[in-house]
Amino acid sequence: MDIITSFPEGFMWGASTSAYQCEGAALEDGKKENQQDVINREIHNEYGYADCSVTTDHYHHYKEDVALMAEMGFTSYRFSINWARVLPDGIGSPNPKGVEFYHNLIDELKSHNIEPVVTMWHYDLPMATVERGGWGTRAIIEEFEYFARFICKEYGSKVKYWLTINEQSIVVNYIDRKNKITKEQQYNPKFRYQANHYMNLAHAKAAITIHELVPEGLCGAALDMAPYYPHSCDPKDIMAAKNANAFKNDFYMDAYIKGVYTPSVIKYLERQGLMFEIEEGDMEVIKQGSRCFDFLGINYYQSQCVKAPTPGAARRSKQNNKIGKGGNVTYEIQPDLFEGCLNETIGATDFSMPVDPMGLQYVLEDIHDRYHIPTMICENGFGAYDKLESDGTIRDPYRIEYIREHIKAMKAAIANGAKVIAYNPWSAFDLLSTSNGIAKRYGFIYVDRTDDDVKECKRYKKESFYWYKNVITTNGRNLE
Ligand code: BG6
């Protein structure tokens with residue numbers, strides 16, 4: 001293996017956020033509600049976690065936040081556009097103040113030589129779109145294209161890197177947690193796969209739009225990417241791992257990158273009575289979209305371990321959001337395909353998330369070998385309870401260690417030929433977690449608020465802030 005001491009010329013260093021998790025100003029300056037405003041209000045009422053009304057108030061702190069990112073030396077920043085802020089009703093009249101906000105943010109980034117990486121959709125469908133059927137109707141394809149055309153026309157002269165959808169596989173597998181859907185849709189086992197097909201069509205239309213409207217625009221999508229390891233060398237476990245990788249990873253990559261559906265997954269869905277409807281012409285659109293797909297965004301947090309499924313076991317989603325080390329994890333089951341289990345060879349975070357830097361190397365090399373496509377790390381990070389000390393410092397050596405080991409893994413993959421163009425870990429600054437409120441923090445910048453008390457959202461630099469600044473300054477040479 002070649003040894004590389006630093007990262008390729010032009011490699012971008014930055015971090016990520018998503019709109020509804022950090023902006024706040026949920027009903028300010030003409031923005032209307034999106035489904036995350038509603039979902040998080042329900043979560044707040046049930047669990048007491050913060051809702052979306054303020055989160056970490058980036059809407060009012062964006063200049064300060066960008067200045068801090070610049071101080072760390074960022075050359076990229078991945079964020080999402082809050083659809084209901086620019087188009088409050090999903091389609092139709094734009095909201096001038098919302099449109100202006102993203103111009104201001106992008107201009108601010110560019111004035112600090114930070115490349116904006118824009119995600120079009122990070123879980124936050126406008127409620128008006130939801131009321132028209134959301135991902136449950138074909139009409140969403142046209143609405144998504146409308147939104148994509150609008151933002152590409154508006155920001156296309158300033159933004160080169162575009163991501164259409166965040167973590168489609170997570171959206172499909174946790175469809176009721178990421179979307180405001182009806183009980184009927186929730187209990188219809190086919191619904192998620194039909195919605196996935198509409199997402200593929202919406203993504204393809206947006207990819208085509210990016211290539212049509214954005215000079216030198218590059219299209220990607222960010223997938224949650226966990227390699228599935230076999231629990232043992234029993235051929236049944238090896239088969240289960242192969243099935244899990246096809247079902248959870250290849251099914252999404254094949255649609256984006258090759259414009260086809262993975263044959264073994266389609267056969268499985270047919271066998272299980274879960275096959276979705278494909279109309280005439282749909283596969284041509286998906287194929288055309290794949291020709292406009294330039295890079296794959298990778299959200300990597302952990303690897304997964306699976307074994308042969310217990311005969312007759314029902315479908316179950318993984319839940320690892322229980323608080324406390326080792327937590328009360330419920331493993332995922334996909335009937336007749338695979339069953340999740342504990343990987344005893346690796347450790348976990350306080351929120352029961354397995355820690356496996358080599359899994360990142362595995363994923364990057366595997367994708368490069370099989371798909372020959374550039375990748376961008378769009379998320380990777382360590383969620384923890386951080387403590388603001390009385391002297392204003394935050395000591396987060398656990399985050400430094402996690403990120404350092406993952407950067408080393410990325411470096412090893414690059415040495416083995418993977419074309420990685422950027423590292424944008426989660427998250428630039430603290431924000432609302434999707435599963436554990438404000439208390440679970442990921443940022444390099446601490447935002448002083450709790451789930452119960454918004455305070456003033458004052459920003460503080462964590463120890464990892466200074467460490468990451470040094471990594472960026474040395475272009476990854478200084479990792480010890
Ligand atoms: C990713 C999402 O799956 O994981 C982010 O894209 C999310 O939106 C991140 O915040 C971390 O997960 P959590 O549940 O700890 O916030």
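Student: How far does a polar side-chain atom of Lys440 lie from an oxygen atom of the ligand?

Tutor: Please bear in mind that this model is predicted. A polar contact requires a pair of N or O atoms within 3.5 Å. The polar side-chain atom of Lys440 and the oxygen atom of the ligand form such a pair, and the distance is 2.7 Å.

Student: How do the residues of the shell around the ligand divide into nonpolar, polar and charged?

Tutor: There are 14 residues around the ligand, and those that come nearest are Gln21, Glu167, Thr434, Ser435 and Tyr442. Thr434 also places a polar side-chain atom 2.5 Å from an oxygen atom of the ligand. By class, the shell divides into 4 nonpolar, 7 polar and 3 charged.

Student: Where on helix α17 do its buried residues fall?

Tutor: Helix α17 spans residues 463–473, and its buried residues are Ser464, Phe465, Trp467, Tyr468, Val471 and Ile472. In an α-helix there are 3.6 residues a turn, so residues three or four places apart point the same way. Seen down the axis of α17, the buried residues fall within an arc of 170°, so they line one face of the helix.

Student: Which residue with a positive phi follows α17?

Tutor: The phi in question is near 50°. The residue that follows α17 with this value is Asn475.

Notes
Residues are numbered from 1 along each chain as its sequence is written. This is a predicted model: local features need pLDDT of at least 70, side-chain atom pairs count only at pLDDT 80 or more; totals for chains, interfaces and linings use all residues. Side-chain values use heavy atoms; hydrogens and water are left out. Buried means under 20% relative accessible area, exposed over 50%, partly exposed in between (1.4 Å probe, protein chains only). Helices (H or I, at least four residues) and strands (E, at least two) are DSSP runs, numbered from the N terminus. The arc is that of the directions from the helix axis to the C-beta atoms. A residue is near a molecule or strand if one of its heavy atoms lies within 4 Å of it. A polar contact is a pair of N or O atoms within 3.5 Å; within protein, one must be able to donate a hydrogen and the other to accept it, and residues adjacent in sequence count only if both atoms are side-chain atoms. Ala, Val, Leu, Ile, Met, Phe, Trp, Tyr, Cys and Pro count as nonpolar, Asp, Glu, Lys and Arg as charged, and the others, Gly among them, as polar.
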